[in-house]
Amino acid sequence: MRVLLVTDTHLAAEAADAVSNWQSVRGFAAQAGADLTIHLGDITRDAWSAQNELAFAASIAAEWPTPLLFLPGNHDIGDNPPGPDVAYKQPLSLDHLGLYRGLFGPDYWTHEVTTEEQQWLFIGINAQLFATGTDEETAHWSWLESACDGARGRPVAIFSHKPLYQNAIDEEPPHIRYVPTAPRRRLASLLDRIDCRLFLSGHTHQFYDRVSGGTRHIWVPSSAYRFADEMQEKIGEKIVGVGLLELGGNKGPQGFRFDLVCPQGLTQFERTIEKH
Ligand SMILES: [Fe+2]
């Protein structure tokens, strides 16, 4: 079972570089023999400001060589408040969320994967709902608790737009890069009840891979562009690429293998501060 992970594609009709890299990833999905593709969010350049980008992204994702599961990102439906006294620009838009669901399907989901050795449960969460205080957030928590109860000892992989944290659950201060502090603790206590092997996220435009609390946390980099150091703190590796997750076939004690891949034709675009 081979799963292609793609994130932060930032598609828009005018974003020729992002569209070009998206076409390269499509070629790779077919060539690599992927069984499934999972998009970890920020599908659009910034639909929060230009809502028609959602329909554009859905139209060019329509012809894809594998089944495709999506999660929304902050640029698709808006963001969550990271914590007290931390500025953020684009609050969650329920209007965008409704449009997203119509075009891309559920914004949170489970997906069962059976290999010769194991049955895996994939849980895709909508990290943008955390700490929004909406009915949608309440419904998401009750669904998530049921999903974790349904794991029943199976190995679980979590898919999320935002990383849970950088290195430690109690790290401060809160930052828009991560799941906000209060829901982070609640989510971590839910994950403690299950065999959570893997937590895969997008959002950061960097590759970062480490084990924390018995779970492997991997930041999948953007397939569209990376940020220059003058624009963004360097934490992991700044690279443009995709992830390839393989399950089954004697993958060692964790039961999976993850590879960072820079497919042929994918350009290492870099976002810099324009100098005048
Ligand atoms: Fe994001």
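Q: In which sense do strand β7 and β9 pair, and over how many bridges?
A: First, this is a predicted model: local features need pLDDT of at least 70, side-chain atom pairs count only at pLDDT 80 or more, and totals for chains, interfaces and linings use all residues. Residues are numbered from 1 along each chain as its sequence is written. Strands are DSSP runs of E, at least two residues, and helices are runs of H or I, at least four, numbered from the N terminus. Two strands pair if DSSP finds at least two bridges between them. β7 (residues 195-201) and β9 have four, in the parallel sense, and Leu200 has Ile218 in β9 as its bridge partner.

Q: What joins β8 to β9?
A: Five bridges, with β8 (residues 208-212) and β9 running antiparallel. Asp209 stands opposite Ile218 in β9. The two strands form a hairpin with two residues between them.

Q: What makes β9 mostly covered?
A: A residue is buried if 20 or more other C-beta atoms (placed from the backbone) lie within 10 Å of its own, exposed if 12 or fewer, and partly exposed in between. In β9 (residues 215-219), four of its five residues are buried.
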